[in-house]
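Could you walk me through this structure while I have it open in my viewer? I would like to know what to select at each stop and what I will find there.

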Amino acid sequence: MDVSIPPAYAARLTTALAGIRAGDSESAVGAMKNLLRDLGREPSELRAVTEYVLALAALQQGATGQAGRAAAACQAVGLALGEPGWVAIGCATRALAVLHDNRPADAVADLVRAEYELRSSGQDGLRAWAHTQLGHGYEKFGLFELAVPHYEAAMAIEARVLDLAGSRAIDARNLATVNYHWSKELDMLMEPDLEEEVERRRAEVVRWAERSLALADSEHVEGSVFPLARYLRAAAAWPTDPARWIGELHVCRSNLGDTSYAGFEMEATALLAVAYVEVGEIVDAQREARRALIRLDGVEDLNVQRYVRWATLRVADAMGYPSAGAGLGYGRSIAWAWRQQHHSDLEMMRAAIAGYERARAHEAAVQAAREDALTGLGNRRAFDEWIGDALSTGAEVSLILVDVDRLKKLNDTHGHAVGDGVLRSVADLVRANIRGGDRAARIGGDEFAIVLGSSDPVEAQLVMDRLQLAATVASLPTSVKQNGIGLSIGVASSSEGLTPDALFAVADARMYEDKRRRSGAVA
């Protein structure tokens, strides 16, 4: 079932998302905090999406602590609702927050968990968001091989949680952007054997940038998409015809300055310098190279620094500066060191994902081996382990044994489907009437065991009374001409001086004594 957000709330959420796109994250943060106060603390789909939007707004503000908390809250709501899509979104978004705080190990753990949870989600709208956030996370790591498939998956999904114009145009722009960064890294290697791959990446940039522009035009959202998509297209296409694209790069640079894409604006300036060299306009090339280097002062993004310096060195080398060749050689060695580290990081991430999946599969197998398939309670193996633990630690416990009266007759008369339904109902009654630290198992066809973490006989009697009362008013199929479920119950406690080994025998004897007293009871 897809996520359904009431229209009034959807309007508030889409307004916040539109504000984030426009750079007004402060208003979005305030609006989402107000909405969370209105919602209270009850887990809901609406609360999950609000926490997610708050995390996005806080990330744009640079408030990484707040973004991480909101993303963790989104994940927690997903766990409470049993929807892995929200867990994946929360984990992937928190990975971006901790990456901003320079905590890559924590980010890897979150991305790995997000990958695992995403595979279990059946809600397309949530899957689209999770794919996008995973793509952003891998792109931040420079793991383009992992980012591209996630962006492609998001692009392929039509459904959206919120009907926000321009969403698909931005999905396409994400693909153009990641291929642009990928092509830059390959280009700086200056390796002839990689030229075909560089051209493939550039062709992908052009394809997705043009798709983004077309989608933005059809949805009338050019302002939030157009400047960057237009630049990406020009940046990838200019080598095919420098004279044609120089003018377009100038226009794009001006547009990027208006929309605060500082890193892209500087890279556009460096590309202009290289393009002018290609057409023999040396004076213009020198001017743009100087401008790029001057603007680079104070830039913290190392990838932008590397690319601008590499591009301006290409200009200097083409103009015959003696030291430029050495500088390019040094830059190439750095690029190859990056590539080696990149391959190591890629294998590490893939191994982490595979290892997590194996661990969860093992955990699921262990749980299945100790879980009763019909009721979801523990099975006899789990029960024996609990009693064994009590024996080895000397823990004070009480053991309650519960038997469903005349279940065989019920099966023979009404069929095993009805009998199985009764067993599931008893399991639900047991779960509802014990504490979090207590344990329950189905240990035989019609027999249940409850291990209480206390030897207090009063507490054990309260559990038994609650069970009997709940069973007398339990609903049965209309074909069964009776009310309630009959239960026979026996209890034994370590406070009686019984060892864990003796508990079962005593509780079992008392349960059958209770059954004899209730010989007229029916299931």
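This tour of a predicted model visits a pocket and then a pair of helices.

**Stop 1: the second largest pocket.** Start by selecting Asp 187, Glu 195, Val 198, Arg 202 and Arg 314, which lie nearest the centre of the second largest pocket. Its lining has 15 residues, and the space inside comes to about 270 Å³.

Now colour helix 9 (167-187), helix 10 (195-219) and helix 15 (302-318), the elements that each give two or more residues to this lining. Which helix supplies the largest share of the lining? Helix 10 does, with four residues.

Next, colour the lining by residue type: eight residues are nonpolar and seven are charged, while none is polar.

**Stop 2: helix 13 against helix 15.** The crossing is left-handed.

To see the contact, show these side by side:

- From helix 13: Gly 263, Met 266, Glu 267, Ala 270, Leu 271, Ala 273, Val 274, Val 277 and Glu 278.
- From helix 15: Val 304, Tyr 307, Val 308, Ala 311, Arg 314, Val 315 and Ala 318.

Twelve residues of this contact are nonpolar, three are charged and one is polar.

**Last stop: Arg 314.** Finish by centring on Arg 314, one of the residues nearest the pocket centre and also part of the contact between helix 15 and helix 13.

How values were computed. Residues numbered from 1 in each chain as written. Predicted model: local features only at pLDDT ≥ 70, side-chain atom pairs only at ≥ 80, totals over all residues. Heavy atoms only, no water. 1 Å grid on protein atoms, 1.4 Å probe; cavity = no way out; pocket = protein on both sides within 12 Å on 5 of 7 lines; lining within 4 Å. Points joined across faces, edges and corners; volume = space filled by probe spheres on them. Nonpolar A, V, L, I, M, F, W, Y, C, P; charged D, E, K, R; others polar. Left-handed = near helix turned anticlockwise from the far one by under 90°. Contact = heavy atoms within 4.5 Å.
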